[in-house]
Amino acid sequence: RELCAVTTSPILPILMSSLFANVPQAPADPLLSISGRFKTDTRTEKFDLGIGVLRRTDATAHEFETVLEAAKQVPPSCYYPHPGGDDTFVALQAELVFGSKPPARVTGVQTVGGSGALRVCAELLVSQGVTTMLIPDPSWANHKPLLEGGGLKIGEYAYFDQATHTVDIEGMLSAIKAAPGGTAVMLQVAAHNPTGVDVTDEQWDRVLELFKARTDLFPVFDSAYQGLARGLEEDVYVVRKFLEAGLEFALCSSCSKNFGLYGERVGAFYVACATPEIAGCVNSRIKLKIRTTYSVPPLHGARIVIAILSDPALRKRWEEELRVTRETLNTAHVSLAKALAAGGLDAKFGSKRYGLFTQLYLNEAQVSSLEKEHACYVAPGGRINVSSLTESAAGKVASAVVSVLK
């Protein structure tokens, strides 16, 4: 007791050294730190285009009315779920992704958001001897560290053609075809982060044929924006094609964007296996991985999703809200592209884009100039979240972009 009194005194010297005295300061997160700088900016007209959160055109968080209504029906959860979460949520989310109840060879669990699904996926693959995953170049900034944290080595395959601002499908297929057996390959299904440039259905058909020929590769689908690119059905075209083909694959799904449940951490992880028997064993291993990491997922957000997907009237209204949101995003992309073209930029900036983002490929100095001279806060590399852009705001942002590029 006397020692504690001495060591905690603000006057007397500390007698015991700290276990953490040599811990270095962690670098600021390149994405999350943007909002902090934006908030301290005193300029009256400023644009927060960095963090990947769906927003309204007044820059406030996009809240779905159906989600707010459903939340009123969901009481607190006063008992633990099992590690796989709420089975009803897992089933309803599977029907949303796969179009109907999937075959018994597909197993799934609830996870802590889409990020939790990715991490569980990584650990499961490593446990089966997979050492490497290829991700698109470019990809979401947190993909690499998140998957490496699960034990995988990360490589890249060509995805974006900077000359045309379209998918480099030949480079993509060539890189995947050259991958050694036992490699996992991540495929973003829609609203590609960070470019907004998506693989077409015809190109997905070519990707499918490659995986049919290379069954020693393991596809991992990342579905973070279902319903926010072309539509609820269209955005998972490739997933359903792979299921119909009888291939094995994994799918990581998020409810953060299409339900606006960022803070509730609602996601799901599915694995399509060769047989129902294998699927049962895989499910047990997934739950064991979860049990030894975060134990169980939270239930509140999952049960909000259940309330919406299980009520035909509420679901119809949610789908309409999603449609309006999707069209707003598409309009924002068009407005920005037109404004960039009016400023004299190359026509490639007008290539079709979907979802929250567009990538302008700005260097560090140009990103800094946008922020300091024009109050436009964008992510590293020039990724812009377009969700809050009105036609007027798009014009102002485009003018700033043209200024730093010329």
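**View 1. Buried residues of helix α4 pack against β2 (106–112), α9, β9, β10 (266–272), α11 (300–309) and α12 (312–342).** The model is predicted: local features need pLDDT of at least 70, side-chain atom pairs count only at pLDDT 80 or more, and totals for chains, interfaces and linings use all residues. Residues are numbered from 1 along each chain as its sequence is written, and side-chain values use heavy atoms, with hydrogens and water left out. Helices (H or I, at least four residues) and strands (E, at least two) are DSSP runs, numbered from the N terminus. The buried residues of α4 are F89, V90, L92, Q93, A94, L96, V97 and F98. Buried means under 20% relative accessible area, with a 1.4 Å probe and protein chains only.

**View 2. The length and ends of helix α4 (residues 87–98).** The expected span of a helix is 1.5 Å times one less than its number of residues. For the twelve residues of α4 this gives 16 Å, and the end C-alpha atoms are 16 Å apart, so the two agree. D86 caps the N-terminal end of α4, with a side-chain oxygen 2.9 Å from the backbone nitrogen of T88. After α4 comes G99, which has a positive phi near 95°.

**View 3. Strand β8 (residues 218–223) is mostly covered.** Six of the six residues of β8 are buried. In a regular strand the side chains alternate between the two faces of the sheet. On one side of β8 are F218, V220 and D222, on the other P219, F221 and S223, and all are buried.

**View 4. β8 pairs with β7 and with β9.** Two strands pair if DSSP finds at least two bridges between them. β7 (residues 184–188) and β8 are parallel, with five bridges. The chain passes from β7 through helix α8 (residues 201–213) to β8 in a right-handed β-α-β crossover. Right-handed means that, with the strands pointing away from the viewer, the path from the first strand over the helix to the second runs clockwise. β8 also runs parallel to β9 (residues 249–254), joined by four bridges. V220 stands opposite M186 and has A250 as its bridge partner in β9. Helix α9 (residues 237–244) forms a right-handed β-α-β unit with β8 and β9.

**View 5. V239 is among the residues with the most contacts inside the largest nonpolar core.** A nonpolar core is a set of buried Ala, Val, Leu, Ile, Met, Phe, Trp, Tyr and Cys residues joined through side-chain atoms within 4.5 Å. The largest has 96 residues, and M172 and F259 join V239 as those with the most contacts inside it. Leaving aside residues up to four places away in sequence, V239 touches V97, F98, V189, F221, F249 and L251; contact means heavy atoms within 4.5 Å.

Conventions: Buried < 20%, exposed > 50% of the residue type's maximum accessible area, 1.4 Å probe, protein only. Polar contact = N/O pair within 3.5 Å; in protein donor to acceptor, adjacent residues only side chain to side chain.
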